[in-house]
Amino acid sequence: MTDDYRAPTPAALASGAMLALVLFVVAAVWASFTIIQPGNVGVVFNRWSGALKTVGQGVAWRIPWITQVQSYPIALRTYSMVARSQEGSAQGDDSIDLPTREGQHIRQDISVTYNTSQDKAADVFRSFRGADIEDIERTFIRRTIITVSQNVAGQMALTDLISNQRTALQDHIQDQLSTQMEKMGFVVDKVNLGASHLPQAIEVQMQQKMAAQQQAQQAEYELQRQQTLAKAKVAEAEGDAQATLVKAKAQAEANRLLQETLNPLLVQSKAIDRWNGILPQFSGSGTVPFVNLTPDLANAHDHAPGAGAR
């Protein structure tokens with residue numbers, strides 16, 4: 001058998017060595033700098049000395065395999081935990097399970113806006129041993145949001161969590177979360193509570209309670225309306241009675257004045273003035289004559305003002 005193996009020639013060895021050297025130089029040059037994107041701050045860590053320094057956006061130079069560069073956001077960044085898929089930082093229903101003072105549970109959408117300043121970036125690197133921001137969000141930030149939210153919600157009633165105390169719940173979560181995250185070098189800008197998702201049984205109870213409250217309000221309104229109508233009728237009746245009384249008093253006063261002015265002589269005189277001279281016909285006995293022609297009345301008529309000759 002013949003052996004076909006041939007040893008590499010010196011030229012081939014030299015070419016391979018040169019290629020390896022070029023690749024090494026390229027790798028070294030590539031590893032000697034890192035690009036800090038806008039809105040971030042870089043932390044340069046020296047593995048030999050343990051020194052840390054921060055650099056701004058742009059090119060951050062480093063010694064290959066000796067120094068490490070990590071960037072952290074100084075622009076605002078939002079971590080969301082919501083029920084709807086594709087809307088939060090994690091997939092699927094990622095809303096927080098919140099307990100209440102009564103031992104009931106609801107699911108709550110929440111988002112936290114935060115960042116870190118350039119002077120705190122080294123603290124973040126030191127606290128999390130150089131982990132990138134995505135890893136920190138999946139671990140520390142997520143756990144801290146859940147823990148703080150559950151502790152605050154557990155001291156409040158269910159009706160407070162979903163109605164008039166939502167603002168207080170949001171403010172308490174933000175205050176406590178700011179304290180916890182500031183210890184690790186982060187600054188919380190804002191906590192926002194989104195939709196509350198109630199279990200079906202609690203949803204039915206709340207709807208029934210709201211319906212009962214609406215019915216009570218309607219009954220109260222109807223009672224007030226009836227009371228108002230009754231008061232109006234009383235006022236109207238009092239007005240009618242007052243008007244009748246005034247009218248009766250006026251009529252009585254008129255009758256009194258008329259009675260005072262109508263004496264027998266005046267009545268007889270007015271009757272004579274209107275008499276046409278024909279005596280009335282009477283039948284029967286005991287009939288009172290229309291005109292009493294006594295001397296006194298005749299004289300009174302003759303002397304009455306305006307009496308003329310007949």
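A residue counts as buried when its relative accessible area is under 20%, as exposed over 50%, and as partly exposed in between. That scale is applied here to a predicted model.

**Overall picture**

The protein has 310 residues, and 26% of them count as buried. Its secondary structure comprises eight helices and nine strands. Take the contacts between residues at least 6 apart in sequence: 67% of them join residues at least 24 apart. The accessible surface is about 21,100 Å². Carbon and sulfur atoms supply 56% of that surface.

**Aromatic pairs**

A pair of aromatic rings is described by the distance of the centres and the angle of the planes. Searching the whole structure gives four aromatic pairs. Two of them are set out below.

| Pair | Centre to centre | Angle between planes | Class |
|---|---|---|---|
| Phe45 and Phe125 | 5.5 Å | 40° | tilted |
| Tyr114 and Phe186 | 5.5 Å | 85° | edge-to-face |

What does the Phe45 and Phe125 pair tie together? Phe45 sits in strand S2 (residues 40-46), and Phe125 sits in helix H2 (residues 121-127), so the pair joins parts 80 residues apart in sequence. Phe125 has 5% relative accessibility, so it is buried. Phe45 has 21% and therefore counts as partly exposed, since the buried class requires a value under 20%.

Now the second pair. The planes of Tyr114 and Phe186 stand at 85°, so this pair is edge-to-face; the class begins over 60 degrees. Tyr114 belongs to strand S8 (residues 105-115). Phe186 lies in the loop between helix H5 (166-182) and strand S9 (187-197). The two residues are 72 apart, and their pair links distant parts of the chain. Both Tyr114 and Phe186 are buried. They also belong to a cluster: ring pairs link Tyr114, Phe128, Phe140 and Phe186.

**Helix H5**

Which residues of H5 are buried? They are Leu169, Gln170, Ile173, Gln174, Leu177 and Met181. Around the axis they cover an arc of only 130°, so they lie on the same side of H5. These buried residues pack against two strands, S8 and S9. They also pack against helix H3 (133-153) and helix H4 (158-162).

Key
Residues numbered from 1 in each chain as written. Predicted model: local features only at pLDDT ≥ 70, side-chain atom pairs only at ≥ 80, totals over all residues. Heavy atoms only, no water. Phe/Tyr/Trp six-rings, centres within 6.5 Å; stacked < 30°, edge-to-face > 60°. Helix = DSSP H or I, 4+ residues; strand = E, 2+ residues; numbered from the N terminus. Buried < 20%, exposed > 50% of the residue type's maximum accessible area, 1.4 Å probe, protein only. Arc of directions from axis to C-beta. Contact = heavy atoms within 4.5 Å. Areas by Shrake-Rupley, 256 points an atom, 1.4 Å probe, with all protein chains shown as cover.
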